[in-house]
Structure formats: C-alpha cells, structure tokens
Amino acid sequence: MVGEVIEVPAALAASQEKFNGAAGRAFVAELPGRAAAFLRRWELRRDGPAMYGVCALVLPVVRAEGTPAVLKLQLLDEENAGEPAALRAWDGDGAVRLLAHDAPTCTLLLERLDAARTLAHVPDSREAVEVIGALLARLTARPAPAGLRRLGDIAAALLERTPPALRRVTDRADRRLLADCAAALREVAAEPGDRLLHWDLHYDNVLAAHRADWLAIDPKPLAGDPGFELLPALANRYDPAETRWRFDALTAALGLDRERARAWTLGRVLQTCVWELEEGRPVAGVRPAIGRALRA
C-alpha cells in the first residue's frame, strides 16, 4: 500500500546516490513511507504529479480545509537545516510561507506557488536581475536567527583549504586569479556580517504567486554579509556582456558598498573553484570568468 503513495523519480534517486552515497540511498528507500506518514499526519491529499530537483521531492497537496500547499521531502543536511528558521523569520515577506515542519526530518509544508512560472522564463534578463535585487533587499534586511551557519566560519574554512587546492593548479593565470580571490576574501573575512542570507537565489528559485508577483524558494540560509548573495544572479543566465551591469544593479538595489560586495563575490568564486579542484576538475567555466571580470 505504501508503495502506491509515491514512486521515487529515477533522476532523484541518481542524484542522491551521487551526492549522498549510503545516506542518499537510505533516504530514497524510505521516501514512500515518509510521504505516506506526513500525508496522514498533516491530513493532506495528493493534488497533482510530484515535482523534484537534485535534493528534494515536492508533492502538490490540499489541506483538510481545502487550502492548496506543497509537501517538501528532503534529506536533512547542514545546508537545509536552517530552512524552517529562515522561512519563519521572513514570514512570507519575499519568500514562500512555511505552514508546518518536522524538525527531525526537515520535512516542510509550504504554501503553493506557481511552479510553472519561474523568473528564468522572463525574457528580459535585466528585468529578471532587478527582481532578484528587490527580493534580496527584502530578504537580507532581517538579522539572521540564532543557530544558522555563519559566513565567518565558512570563509575561514575556505581560506584554510585554498593553499592545497592552489597546488593543483598548473596554469599560471588561473593560479593568480584564485590567489587574488583569496586576497580579496581575507580583506573582508574578519567582518562577515549578521544578515539572513538565502545563499542560492537564482532565477529558477523565484516563483510567481497569487499574493505577490515573485517569491523566493529553497533557501540554504546562513548569517552573513549580503555581498555574498550576488554570484547566483551573475552566473545563472550568464551573459558576459552583462556581468558588470548586473553587479552594479544588484549592489545598488541592496545598498551595498561595492568594494566589499566585490570581495565577497570573489570569495564565492574562490569557493566554487576550490570545490572543483578538490574533485579533480580544472578551473574553468562561468564562475572563473566572472571572477576575472570583477577583478579587473
């Protein structure tokens, strides 16, 4: 009977295997039972086909009183552990509203937005950037709740991991880029900030809604400087001719000091490159290109 409630998409099972190994396999194995349990516990009925991404399964549902919602099932990890606290702090202002959650599993019941209409579908990329800027200005206006990951800790750990990663870089220009990014990060790391950050606000993480034009979803929250928020909007829908314009538009929308925002953005470029190097991949692609553009 439980198996009839939900069939786990093969792509979600594959991504869990790739990124989480044994823990991902265990999560996938228990997903049908977990879904059934929360449908009963929160008195929900299914209301459409399942949706999924790399990390989570989302079921459209209807609550007992008839309100549409979505049930988000995910494997609890350090990135999503703070999601309920962040959504409570925002309370629907610029972000999807949290209706209920289960702390041990990080299962969430959320208001239903229009998953078919993301900001990625807006043809004018500059209009989309301006929407991101307006949302980030609202989201980062709040101090981070206690208990979230801290940007200062992330920056310190990244700077410790940088020297061994740099030893893997054979190209002189690439090594210089990462060294410059690390130098910029060191300039701001001692003052990491305390605002509530989304961490991953790109265009597919902004959905249309009935009560607002656009709302953010899927935060990976932490406490820190809003300058650390800019890279996803620069890298997604990438256009090298727009990099500087986007950076200027976002810093203006958030009222940021441009040099501090540049340093945090270069730090985030460094973070991505270090991740790639640690996995045996070269310094290449969009984010190093953004780093070069902002370093100039």
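How many bridges join strand E5 to strand E6? Four bridges do so, linking residues 98–102 of E5 to residues 107–111 of E6, and the two strands run antiparallel. Two strands count as paired here if DSSP finds at least two bridges between them. Helices (H or I, at least four residues) and strands (E, at least two) are themselves DSSP runs, numbered from the N terminus. Within this pair, His-101 has Leu-108 of E6 as its bridge partner. Four residues sit between the strands of the hairpin, where Cys-106 takes a positive phi near 55 degrees.

A word on the model itself. It is predicted, so local features need pLDDT of at least 70 and side-chain atom pairs count only at pLDDT 80 or more, while totals for chains, interfaces and linings use all residues. Residues are numbered from 1 along each chain as its sequence is written, and side-chain values use heavy atoms, with hydrogens and water left out.

Now for the overall picture. The protein chain has ten helices and twelve strands. For 296 residues, a compact globule would have a radius of gyration near 19 Å, and the 20 Å of the protein chain agrees with that. That radius is taken over C-alpha atoms, and the globule rule is 2.2 Å times the number of residues to the power 0.38. Along the principal axes, the C-alpha atoms fill a box of roughly 60 × 40 × 35 Å. Of the 296 residues, 51% count as buried, where buried means under 20% relative accessible area, exposed over 50%, and partly exposed in between (1.4 Å probe, protein chains only). Among contacts (heavy atoms within 4.5 Å) with a separation of 6 or more, 71% come from residues 24 or more positions apart.

Six of its eight residues are buried, so H3 is largely enclosed by the rest of the structure. The buried ones are Glu-83, Pro-84, Ala-85, Ala-86, Leu-87 and Trp-90. They pack against strand E4 (68–74), E5, E6, helix H4 (125–139) and E9. After H3 comes Asp-91, with a positive phi near 50 degrees.

Strand E9 also belongs to a sheet. Three strands make up this open sheet, in the order E8-E12-E9, with mixed pairing. E8 (149–150) and E9 stand at the edges with a single partner strand each, so one side of each is left without a neighbour in the sheet. E9 and E12 pair in the antiparallel sense over three bridges, and Leu-197 has Leu-222 in E12 as its bridge partner.

Trp-199, in the loop between strand E9 (195–197) and strand E10 (206–208), has a phi near 85 degrees, positive in a residue other than glycine. Trp-199 is buried, at a relative accessible area of 7%. Asp-218 lies in the loop between strand E11 (214–216) and strand E12 (222–224). It is not a glycine either, yet its phi is positive at about 55 degrees. Asp-218 is partly exposed, with a relative accessible area of 25%.

One more loop residue deserves a mention. Glu-242 sits between helix H7 (231–235) and helix H8 (243–254), and at 7% relative accessibility it counts as buried. Leaving aside residues up to four places away in sequence, Glu-242 touches Ser-125 and Arg-126.
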